Amino acid sequence: MDRSLFRLTPSGSTGLIFAALCFAFLPMLAGSYWLSVLTSAVIFAMATSGVAFMYARLGMVSLTQVGLMGIGGWVMLRLNYLFDWPFEVNMVLAALATMICGWILALPALRMRGLYLALVTLMAAGGLEILFATYQFPNGGEGFWGVKIGSSDPFRRPWLAQTPEAYLRYCIVIATLGFLFIEGHRRLFPGRAWALIRRSEAAAMAAGVNVTLYKTWAFGIAGAIAGASGALLAGSLGLLDDGTFRASESIMLFALAIVGGARFWLGAVIAAVLFRILPGLLNTWGVDTDLALVIFGAGLLHALITAPNGIAGQIHDLVARLRGGKP
Amino acid sequence: MTRGSWVNWGVYAALMAGIWLALAGGMPFKVTGMFLASGLAIGSLYALGGIGMVVLYRASGVLNFSAGAAGAAGAMTAWQLVQWGLWPPLAWVGCIAVALALTLAYGRYLAPLLAWRETVVKAVATLGFALIILGLVSFIWIDDPRSLELPTDQIGIVLFGLRVTATRLMAFAAAIAIVIGIWAFLGRTEIGLQMRAVANARDLSALLGIPIRRVETIAWGISGLLAGFTGLMFANLIRLEPVVITFMVIPSIAAALAGRLNSLSLVLVGGLSMGVIESLLTLSPVLKGVRPIAPFVIAALVLLWSQRGTRLTFGGRD
Amino acid sequence: MIQIDAVTVRFGGLIALNEVSATLTAPVAGIIGPNGAGKTTLMNVVSGFITARSGQVLVEGQDFLRLAPHRRAQKGLRRSFQREQIADDLTVLENVLVQTDWSLTGARAKRAEAMEMLAVVGLADHAHKIGGALSGFERRLTDVARCLVGAPRLVMFDEPAGGMSVEETDRLGDLVLQIHGLTGAQTVIIDHDVELIRRICAETLVLDFGRRIAFGPTADVLADPKVKAAYLGTEEVTA
């Protein structure tokens, strides 16, 4: 079976159908609180896909994805109050700015062994947390930082998506495009280079692959996706809080990406549900949300030790077994 | 030491001197000296955290991100014991004991399950453990402002015309003493020799009959003891808050990177300079808000500098 | 033609290669020597994974040691490792295509060449099989096919017959003999299988303890008493 760019795998078609169903029905199911939570979950699913593919396909660990989302959100907010450009333009600029900032932050580690990228991104996450806490997020004020006391100026949502329901649909579309963007890369020559790099960086170099370039490229994609997600989050909430982008959040997102299953789109969805919806549910049931940390930590250890493909991987195996094939 | 590391020492010293002149040049030493003392104390803790990481990493291949969390658990336990009326020195021992127990538990029961995985995976797993500890500690103790006092807080010692609290002096002295102690241990005892062998070539050491498990356990033990001590000191010198202490692992990593995950003396001087520079930045009206970033920036610059002119090579094991 | 000129490699105090020089002109050349002689180190220097303390390597007049490893591959260097390096997630064809992804020639032409080389190694029917499903020998053959695409000039094999049966080794040897005719490239092969070396290599370099101890036509080299001594030791007779 020749593997062309536009082939539709069972997993892929399931994903597209899932996205379509969400698009159609999700906004109708929820009241305004849960609408916001669901939108947030969709956005974080997109951000997770960025960090997950880097780990699954290249073994690269980035512990600062949520921090990068913060950069995207900051740029979106600043542009929103500075100029009159449409939401989409701001989102693209936010994605590009985050990509570049991500490169600057990761630069010390991209030519070194994988461990160093984890360390450098962890430090970056810490640094970004401090920056956001110190300089806050723009809300219509003057100057570079654009922060003012008092209530914030209004935020301009996309022309197509003014209501919360429409915005949720908008996010679903953008997130799906994000997933397809990554998958497209995987099916073309970058994906081939990444697969060989995963196998052995030496072999990749011997095959003419510029390993640093491809690793940088992958990190750039993750950064751009984080930037776009952050921009969408700004659009959803209208304002952003530095508490959303703490270092611990980036660490948890990465942990959940593994727990969910870094190789699969379903894994990113599961990760986002756990990340955004589980704490809400715990709250509703009167359980201390600190225990979510314990669950996530234990889940990460379990996934690393016994189930490297995460929950989504186990679901895939189950489905394969039920269909009678080899798992 | 090689000429190369003398150069590194020189660079750190020059950096500290430069920042000092830039920010503190015109002010009386009585004022700026306070920042220097405070910076040296915190820097000592960064260095100790870094040293614990490097010793364990070299001996076992695990970069332990949960050291901060273990320290936080220990510090909260000590606080609780004091609340219950226990004689404080015993509570501090309790702090170190809890951190040691948690670290050894991981090293003995969980780390072996990942022994053959990549270094990154082993490190990420310790993150999972850190989350578990942090979650439990946050669950057990509700979010409240607390403080951990040591009797040395009340004692002031006059040095070079400055009044320095004994606690800060203790942190600094401890860092120096521990580095010397570990250096002596690694260089002069048989176990230390075995640990260096394992750090250098694990498979060969196993073939030579070196008891890997025992060496590793000792390394985990050292890591746990240091985690407990630094947790206690961070609780006193910075803040007794589980999240804050847990994430003190980040500047410790910065210090470890300053030593290229290898040289203890460079971790020491790197950590000290990070603490000092961070503290001195308080004097800069522009940068004082973001001074906690100083360790990261320094570590990033160190990494970039160490890569100049090199390609990705495969000569050694790292 | 490959000119290795006084290449020296040191790892700390250990001298892994000591002023090794040789000019390889035969279509297939061999490098042999006892374990630890420096054969793989020499190959690593040529392919760029180890930096030589001094010396030069010229491939068809091109100074290789200045280039980054991936650039050497783009200039016609091909290398296979002691363990075959096939990505489990890619098909056989995709594994081969990686080698030519850097060049801007048309995708159709590259694909056709890849299929042609797969046919040469005998894997044309398996072109769309996933790497993870291949046998050890099939993986090695994919490795070989990858070395043949994209106008190679120097193909290096590091113990390619490791872990193979007699038939598989023979087949591999036949393939190596075809390389020069197919692509015009020179092949250098490290192996311990002396029969394989004798059969396919016109000239052989022998290393021991980082030094060249013999170089020349294979038959002469294998008969050289110094070479025998290096492998088998000199005889000590005790009465």
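Biologist: What is the area buried between chain C and chain A, and how much of it do carbon and sulfur atoms give?

Modeller: In this predicted model, about 2,000 Å² is buried between chain C and chain A, with carbon and sulfur atoms giving 54%. On the side of chain C, the residues that lose the most area to chain A are C:H70, C:V98 and C:D101, together 24% of what that side buries. The contact takes 27 residues from chain C and 19 residues from chain A.

Biologist: What makes the meeting of C:D101 and A:R192 a salt bridge?

Modeller: The N to O distance between the two side chains is 2.8 Å. The cut-off is within 4 Å, for a side-chain nitrogen of Lys or Arg and a carboxyl oxygen of Asp or Glu, so the pair qualifies. The count between chain C and chain A is 4 salt bridges.

Biologist: Which elements of chain C each supply at least two residues of the side that touches chain A?

Modeller: They are α2 (69-74), β6 (77-80), α3 (92-97) and α5 (136-148). The largest share, 4 residues, comes from α2(C). By class, that side of chain C has 12 nonpolar, 6 polar and 9 charged residues.

Biologist: Why is A:P154 called exposed?

Modeller: Its relative accessibility is 70%. Exposed means over 50%, so A:P154 counts as exposed. A:P154 lies in the loop between α5 (114-135) and α6 (164-187) of chain A.

Biologist: What does A:P154 touch, not counting residues up to four places away in sequence?

Modeller: A:P154 touches A:N80 and A:Y81. A:P154 and A:N80 are 74 residues apart in sequence, and their C-alpha atoms are 9.2 Å apart in space.

Note on methods
Residues are numbered from 1 along each chain as its sequence is written. Chains are lettered from A and ligands numbered from 1 in the order in which they are written. This is a predicted model: local features need pLDDT of at least 70, side-chain atom pairs count only at pLDDT 80 or more; totals for chains, interfaces and linings use all residues. Side-chain values use heavy atoms; hydrogens and water are left out. Buried means under 20% relative accessible area, exposed over 50%, partly exposed in between (1.4 Å probe, protein chains only). Contact means heavy atoms within 4.5 Å. Buried area is the accessible area (1.4 Å probe) that two parts lose on being put together, summed over both. Ala, Val, Leu, Ile, Met, Phe, Trp, Tyr, Cys and Pro count as nonpolar, Asp, Glu, Lys and Arg as charged, and the others, Gly among them, as polar.
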